[in-house]
Amino acid sequence: MNLTTRYLGLELRNPFIVGASPFSDDIASCAALEEAGAAAIVLRSLFAEQIELEQRALVHHTESASESYAEATSYFPNYEDYPLGPDPYLQRIQTLKKQLRIPVIASLNGSHLGSWVSWAKQFEEAGADAIELNNYHLATDPQINGEKVEGEILHIVRTVVASVKIPVAVKLSPFHASLSHFALALEQSGAAGLVLFNRFYQPDFDIEELDVLPQLKLSDSSELLLRLRWLSIISPHAKMSLACSGGVHHAEDAIKAILAGAHGVQVVSALLKNGPAHLTSLRDGLEHWMADHDYDSVEEFRGAMNLKRCPDPEAHERANYIRILQSWRI
Amino acid sequence: MSSVETSPATFATLDANEAVASVAYRLNEIIAIYPITPSSAMAESCDEWAAAGKPNLWGEVPRVVEMQSEGGVAGAIHGSLLGEALTTTFTASQGLLLMIPNLYKIAGELMPLTVHVSARSIAAQGLSIFGDHADVMACRATGCALLASNSVQEAQDFALIAHVASLRASLPFIHFFDGFRTSHEIQKILTVSDSTLQQMVNEEDIAAFRARALSPDHPTIRGTAQNPDVYFQGRESVNRYYDDLPAVVQSTMDRFASLTGRQYHLFDYHGHPEAERVVIIMCSGWETVCETVDWLVESGEKVGVIAVRLFHPFHVDSFVAALPKSVKAIAVLDRTKEPGSLGEPLFLNVMAALAEARSPLAGSGRVVGGRYGLGSKEFTPGMAAAVFKNLTAPEPRHRFTIGIIDDVTGSSLDYDADFDLEAPEVRRCVFIGLGADGTVGANKNSIKIIGEQTPLYAQGYFVYDSKKSGSMTTSHLRFGPSPIKAPYLIRNADFVACSQFGFIGKIGVLDFARVGATVLLNSPYSPEETWQKFPRDWQESILAKELRVYVIDANQVSEAAGMGRRTNTVLQTCFFALSGVLPRNEAIDQIKATIKKTYGKKGESIVAMNYAAVDAALAGLQELKVNSAWATPLETAAGRHRYFEGAPDFVQRITARLIAGEGNLLPVSALPADGCWPTATSRFEKRNIALAIPSWDPAVCIQCNKCVLICPHAAIRAKFYEPAALSVAPVEFKSTPFRSHDFPDQLYTLQVAPEDCTGCSLCVQVCPAKDKTNPRHKAIDMVSQAPLLAAERANWDFFLQLPDPDRTTLKSGEVKSSQFMRPLMEFSGACGGCGETPYLKLLTQLVGDRLLIANATGCSSIYGGNLPTTPYCQDSDGRGPAWANSLFEDNAEFGFGIRLATDRHADAAWELLRSLAPEIGDTLVREMLETDQATEAGIARQRQLVTELRGKLGQLDDKPEARRLAALADHLVKKSVWIIGGDGWAYDIGYGGLDHVLSTDANVKVLVLDTEVYSNTGGQSSKATPMGAVAKFASGGKAVAKKDLALMAMQYGHVYVARVAMGAKDSQTLLAFREAEAHQGPALIIAYSPCIAHGYPLHLGASQQKLAVDTGYWPLFRRDPRFAEAGQNPFKLDSGPPKIDLDRFTANEARFGILKNVNPDRASELAGHAQTDVRRRYAFYEALAATPETDQASINLKPV
């Protein structure tokens, strides 16, 4: 049975990709995931903005108390002569490339165009097989309209794609006014793939202390439905690769994502909950289902339930929504 | 070796500490270190170079090892020398004194060693971190050679000469130069290349040294005990080495000259070839005298000066040879004082040399000695001229002083304070800044740019004031076409800049400007508005001196570039643009190159931010051209006199002048001879350094007083009082009904001291009371100080007049209640957000009226006792903490001694009271004997009884016992002796003494303010530094875990021990202080103290302490022996098991974050070990808490 799939031009032995997660921090975990059947691994996202903020904070905190008092003109060692090691993230890419046979995809969230390009080039030099641009952006400024937000993303994608030779995927949030149009624009800008969707941090409130509690909860299968809908809508038009990210916990979830048109299925929460071995059961589940349903290859059923090929396209669309609302009234 | 090219010799711009360290590092194998100002930077450089893997001359990385004290260093270097390793160290002041016993040994054993000393005062009537020769002169008898360097260039060169001569002569050297004036002066010098070092170092000498090593392969014994039959001869056996030494040094100097062209002699003469008057001097003052001599010779006078390089052994022939035959009078200048001596050491040597040479001068009365420059007192050409003038008198004054006014013994010479010898071709620039605003750093950059990128010579010297935060910095920069020899401050500058508009009218910025100078001001106003903001004397000064004034809103430009309040880059750019030292474009390119070099490794965004600031700077620069149409000038700014109204006489006469910066003008008679100063003076300083202060909303406040507790400066306080008290309150004075069952119908006020607050905002961070509809608004919010100032000043004055509550009615065991007690430590010079001072303030609230403090040298002795004003104060009865600092290393023993004396007096008083009972009256005596002084009420009652007793004793005045008891009666009220210091003292240098004192049954309380580094000297590692943190002396990350001082003290069983963190659990802190005080025996409290050396914004100190506790990094516990006596487990664990991973705590602090940047693998490895260690230690404490004391011996700390 042929579980292989092509994602971002990379030949994957099955559709299961370990999504951006802390797993990539630990070589042993990555090896276990590969052993369990992972077809590719996405590194934890590098947040350039965070790095820059941390650098600024370090400089600020080490300098801010200096040259105030004759006995202590500084409070930290001077590292002018210290041979700085390679950047840990780039080192991680290199190590994983050495240790693993499966493709290694670096993930990046830049803070400005310069940092997107600079990091992407360094990822490529470090040996990454592809880059996932993690477009995590929360539009809080009422002065900036959607067109401008999307224009900036497209500009970044065009620039990054032009600066590297390896394929570039774009991980999006679901909150775009016309996602299928935007997906097409991304493809035209050179994106080799689209990852649907980013999961935002979901701050909660402490109602006793009136505090905001930043947190990120693990996903569950209910989040899959949003992905299925948009994969189904985008896949008929897309020539680029599509990946489902968020809500794949069981083999059935993965099968649905592929039916909706995904070339790859990213898994994180299920692995964090169940451990690397869960990947084997996902892969086996897919294999059994294909065997039970006489599919010889993934490609055979990929997109079979998308908007173009599913038996009841209306079920994806507005009519269905109205029907469901009406059913609630009864 | 950042700026020192090792080969070939090139110019570099650096200070003497770096220059000396560069040579010492390359020439040694073992470097033992310990921090002490002003030498620490030499050790720090060596540690950093070793961590970076820099090799020495033989391709090996020297082993740099920190010891627990200079005494420890001395032992280690002695051992290392016996082990045939090339060894060095750096020290100063008390540190050198601690090495003395070993220096005798090392010299006695004829070991080659060079100790590099940035010479510093010795603490006597007071401590001084500044420069003079008291320390090295205390080593005259050790047998070490004493070699003096006069400048940064010489300090570097002599570091090499001392090292080479020491190996050749087989004798140790103390190589010294002036602390601060030379150690911290940046100069453009020629470096010594590796190849010069190689050619200077004689491998045969090294081989000979190594051949004498202590080794079982060719065993010898050293350190034998010698008896009267041979000891004397043994001492004389070394004479030949000392006889030979001067020639060895001279030949080494000659060899050095042949390689570098820089020729030195044991004694160097400068001046008229037929000089009749000669000054003899060592170190930096030589250049000042040379400059004066040149001027005097040019004026037709026959004068000269001799620099003494090799002070000990003092070579008579060379000295006499250097002295012109024509000389008729000599003044010997010593930068030290030996009270009661016939003269200071250099004078005595000169006199002895002249006598030995049978010079008629010796008995002529025309060779005189004088003192100058103690504690870095300025030594100017005007003073040097006065010394020469003294020699023209028929009978020149002997044992004179110069640079002060001695109105007690009349020793001082008059001098012309305005005498100026600045060379016209030298460009002089003065920059006034605020500590940490980047001004000094930018100036250091500018000096490097000019010194290293142009043919010009450069000099920089930096003056800081005595406060740790909000301090003023003054940078003195000179640039010129020839080497700059002017080791004194600039008074007539061509260019003056001020980075703080707040200084205008308060600081004499324009006093530095010469006529026609250029002035650059950071001003948020337009030129016209700026002019209107100037006080009249500024406006007059600008017009009279024809100053060209430029303004720029550097804050706005920096803010826009993302640099916050760091205006350094903007002002530096303006400096180059205006000063014309370099062509503008070239200057900008150089500034950018320096930025790239400084920040390139730290992040491109930081580089970009600085570039943006450079580019935006010039656009914002505007000239202030005075326009006659502008508004009438303001009156001269109101002085600060109102604060001194009603102040004690001493404060008005002395303190006020110190605050005004006029301390140099105070005569000797103004100073207390025994170093005993009045307390309660910080309230007069009114520093006004907060841009924002807390503003109170009574409607939201829950009156918890947590803000009052955490405030490091006692600048926010709470009181409750009768409503009637408000009848005379200022209109804007706020109050609200006091929420209290115990005190109904009272009003409550939370009041900020607007001019004493530092604006740290800790109070706002800890405030738990949020506005329910707008939680961003709290009961206190930070708001701009300026608009509130007038009203809050009046409110604060009124607040102070409200009566303090009766202490006997307060529940001192409750945090809220305890904070109504008046703090007897206020407005210290500690950093904004200091984590130490809240503990001290709490202590003074609890027992301040009967408190004696022995304070180890360190941060707490600086903010606690650094002039001009000190923070310990007095209650309305005039009682308050009595405070004393002895040394760094002896504090536990010092406090123990205070306790012994206090107890002795109390015992005597009780004895006398009993014996006089028949005369005094049994009722009074019995009540005094039976009053329970464990409570505030008991203390108050006992004080009343003492007053009563004094009345009775007055009637028994004819009895000597009664008079004695009257003198001792205050001791019938119990006293509390607290021994206070930081972790450097308690964990390291003072540990032996601390351990001993804890082992006794003395009723002393020890408070360790644990910042986990030597904070005061700039953050060097101590045994309290946690694993994985970087600190100076641990720049590669501390490899081992923090010492568990609490556990060590607990082993005694009878010691009360607590670990506290006020920001995490204030109630436990309060409980620990009260229990420690109540315990009749020794007590130890280790208090977690956030510090700027941790590298995070200190207003988050309390939340970071919570994380420290929640991660298990800082478990809270108490061990009270009284529980054991009651049959209970004495150990109480007050914090729960680690709830979150350690990295949640460490991720917030730069001391951990830096290592992740520079060495991520090591950071990760150490973080892993640290996490394991935290869990292991908590498990151990948990077991202690759960196991009856009788079984605790079986609990073991499991290995990591």
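In which loop of chain B is B:Cys283 found? In this predicted model, B:Cys283 is found in the loop between strand E10 (277-281) and helix H11 (285-298) of chain B. Its phi is near 70°, a positive value in a residue other than glycine. B:Cys283 has 31 C-beta neighbours inside 10 Å and therefore counts as buried.

A:Glu67 is not a glycine, yet its phi is positive, near 55°. The loop that holds A:Glu67 runs between helix H2 (48-63) and helix H3 (88-99) of chain A. A:Glu67 counts as buried because 27 C-beta neighbours lie inside 10 Å.

Chain A as a whole is made up of 12 helices and 13 strands. Its radius of gyration is 22 Å, which agrees with the value near 20 Å that a compact globule of 330 residues would have. Along the principal axes, the C-alpha atoms of chain A fill a box of roughly 80 × 50 × 45 Å. Of the 330 residues in chain A, 46% are buried. Among contacts in chain A with a separation of 6 or more, 71% are between residues 24 or more positions apart.

The contact between the chains involves 32 residues from chain A and 47 residues from chain B. On the side of chain B that touches chain A, at least two residues each are supplied by helix H2 (40-51), helix H15 (439-453), helix H21 (604-617), helix H41 (1150-1158) and helix H42 (1160-1186) of chain B. H41(B) gives the largest share of this side, with 5 residues. By residue class, the side of chain B that touches chain A consists of 19 nonpolar, 19 polar and 9 charged residues.

Within chain B, strand E29 (residues 851-855) has 5 of its 5 residues buried, so the strand is largely enclosed by the rest of the structure. In a regular strand, side chains alternate between the two faces of the sheet. In E29(B), B:Leu851, B:Ile853 and B:Asn855 point one way, while B:Leu852 and B:Ala854 point the other way. E29(B) runs parallel to strand E31 (residues 976-982) of chain B and is joined to it by 5 bridges. In this pairing, B:Leu852 stands opposite B:Val977. E29(B) also runs parallel to E30(B), with 3 bridges between them. Here B:Ile853 is placed opposite B:Trp883.

A separate description applies to the open sheet of 3 strands in chain B, which has the order E25-E27-E26 and antiparallel pairing. Strand E25 (716-721) and strand E26 (736-737) of chain B each have a single partner strand and stand at the edges, so one side of each lacks a neighbour in the sheet. E26(B) is joined by 2 bridges to strand E27 (residues 747-752) of chain B, and the two run antiparallel. B:Thr736 has B:Tyr748 in E27(B) as its bridge partner. Helix H25 (residues 785-801) of chain B packs on this sheet, where it touches E25 and E27 of chain B. The direction of H25(B) makes about 125° with that of E27(B).

B:Pro313 is placed in the loop between strand E12 (310-312) and helix H12 (316-322) of chain B. The loop between helix H28 (859-865) and strand E30 (882-884) of chain B holds B:Pro868.

Helix H13 (residues 345-356) of chain B comprises 12 residues. From its first C-alpha to its last it reaches 16 Å, close to the 16 Å expected at 1.5 Å a residue. The buried residues of H13(B) are B:Pro345, B:Leu346, B:Phe347, B:Asn349, B:Val350, B:Met351, B:Ala353 and B:Leu354. H13(B) is followed by B:Arg358, which has a positive phi near 55°.

Terms used:
Residues numbered from 1 in each chain as written. Chains lettered and ligands numbered in written order. Helix = DSSP H or I, 4+ residues; strand = E, 2+ residues; numbered from the N terminus. Expected span 1.5 Å × (residues − 1). Buried ≥ 20, exposed ≤ 12 C-beta atoms within 10 Å, placed from the backbone. Contact = placed C-beta atoms within 7 Å. Nonpolar A, V, L, I, M, F, W, Y, C, P; charged D, E, K, R; others polar. Rg over C-alpha atoms; globule rule 2.2 N^0.38 Å. Pairing = 2+ DSSP bridges. Axes fitted to C-alpha atoms, helices over the stretch in contact; angles between N-to-C directions.
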